[in-house]
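User: I have a chain open here and want to talk through its fold. Can you take me through it?

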Amino acid sequence: MKLDIMTGGLPLHVVQQLARHAADSGHSGLVITEAGRTAYLSCAAAALAADIDILTGIAVAFPRSPMVTAQTAWELADATGGRFRLGLGTQVRAHIERRYSTLFDPPGPRMRDYVLAVRSCFEAFRSGGTPDHHGPYYDISLLPAMWSPGPIDAPDPPIDIAAVNPWMLRLAGEHADGVHIHPLNTRTYLADTVAPQLAAGARRAGRRLDDFEVIVPAFLVVGDTDTDRARWRELARMQVAFYGSTPNYAFIFEQLEHPGTTAALREHQKAGDIAGMASVITDDILRHFTTEGTWSTIADGIADRYAGHATRVVNYFGAIAWAEDPRYLARWKPIANAVTAAV
């Protein structure tokens, strides 16, 4: 099991500083999300700054042609010597249709076709041939030699898919090299939903998941005093409330025998009552979504919660804390080493 750091968009020179500090502190990778800034430019900046795994977690797929995505991933694989992982996600309808002005429906089958199209491009880059992908949503059959990036020494970039519901999890198990789990995750969800659905997808493809990556963001609440931990605990509570207001995620609370949680969150959200949203996430609910401990116990807590469920645990708050105090990551070096050695 590896320990990674999650970061959103930052100025490129800041991403480079974060990558160097993350590598120096024993973290295995940097997981870069996409929001106001593009994930790929941040990946390139990090790749040129530090010897560390670089993952998009995730880059939004549909607004970009599969060929454009494949070319970008190919260059990043080359720049990192094979340390880049291409994480793709659908985003949600409103953003795809109204922010990116592109097609969304049907998101699951479209993502399946997208992944197959990207793989066809990879094959053509390496062989010098022509892509031969003719799917229901993407058709790629032209690649003159002058437009091809050509073969690289690194392997094809692994493709990871963001998945929440059973259909997308089965898709990941069938066609992807890994899965990005949503930050709104619990041990129950990982055991009862993620694992069996990934396995079902793998069986459908007649494949094994021995080298499959399960990449799990974690709300890690760390500090030697309750006051130190309280800040991160309350930040986690707000994140759970925000994510939990999405109707598609209601079943995660139902698995915990807290039905109606998403409905209550949405009621407060519509009223603009942020404090009310946080109050819905009681301590009893919150404990399912957080791993809490002191600096001397958090490694055991991570191993206990995620062993057998995750291959990569991603510190959700890592970059936030580092931005406030660059010395923060240095405290994680023995923890990162212990987590890696424990599993």
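User: What share of the contacts with a separation of 6 or more comes from residues 24 or more positions apart?
Analyst: This is a predicted model. In the protein chain, 73% of the contacts with a separation of 6 or more are between residues 24 or more positions apart.

User: And how many helices and strands are there?
Analyst: The protein chain has 15 helices and twelve strands. Its radius of gyration is 20 Å, close to the 20 Å from the globule rule for 343 residues, so the chain is as compact as a globular protein of that length.

User: What does the C-alpha trace span along its principal axes?
Analyst: About 60 × 40 × 40 Å.

User: How much of the chain counts as buried?
Analyst: Of the 343 residues, 53% count as buried. The accessible surface comes to about 14900 Å², and carbon and sulfur atoms hold 52% of that.

User: Now strand E3. Which way do its residues point?
Analyst: E3 covers residues 53-56. Asp53 and Leu55 point one way, Ile54 and Thr56 point the other way, and all are buried.

User: In what sense do E2 and E3 pair?
Analyst: Strand E2, residues 29-32, pairs with E3 in the parallel sense over four bridges. Val31 stands opposite Leu55 in E3.

User: What about the bond from Asp105 to Pro106?
Analyst: That bond is cis, with omega near -20 degrees. Pro106 is in the loop between helix H4 (93-99) and helix H5 (107-127).

User: Why point these out?
Analyst: Because most peptide bonds are trans, and most residues other than glycine have a negative phi.

User: On phi, then: what is the value at Gln91?
Analyst: Gln91 is not a glycine, yet its phi is positive, about 60 degrees. Gln91 is in the loop between strand E5 (84-89) and H4.

User: Where is Glu257, and what is its phi?
Analyst: Glu257 is in the loop between helix H9 (250-255) and helix H10 (261-270). Its phi is positive too, about 65 degrees.

User: Why does Glu257 count as exposed, and Gln91 as partly exposed?
Analyst: Glu257 has 68% relative accessibility, so it counts as exposed, the cut-off being over 50%. Gln91 is at 27%, so it counts as partly exposed.

Definitions and conventions: Residues are numbered from 1 along each chain as its sequence is written. This is a predicted model: local features need pLDDT of at least 70, side-chain atom pairs count only at pLDDT 80 or more; totals for chains, interfaces and linings use all residues. Side-chain values use heavy atoms; hydrogens and water are left out. Helices (H or I, at least four residues) and strands (E, at least two) are DSSP runs, numbered from the N terminus. The radius of gyration is taken over C-alpha atoms; the globule rule is 2.2 Å times the number of residues to the power 0.38. Buried means under 20% relative accessible area, exposed over 50%, partly exposed in between (1.4 Å probe, protein chains only). Contact means heavy atoms within 4.5 Å. Accessible areas come from the Shrake-Rupley method with a 1.4 Å probe; for residues, only the protein chains shown count as cover. Two strands pair if DSSP finds at least two bridges between them.
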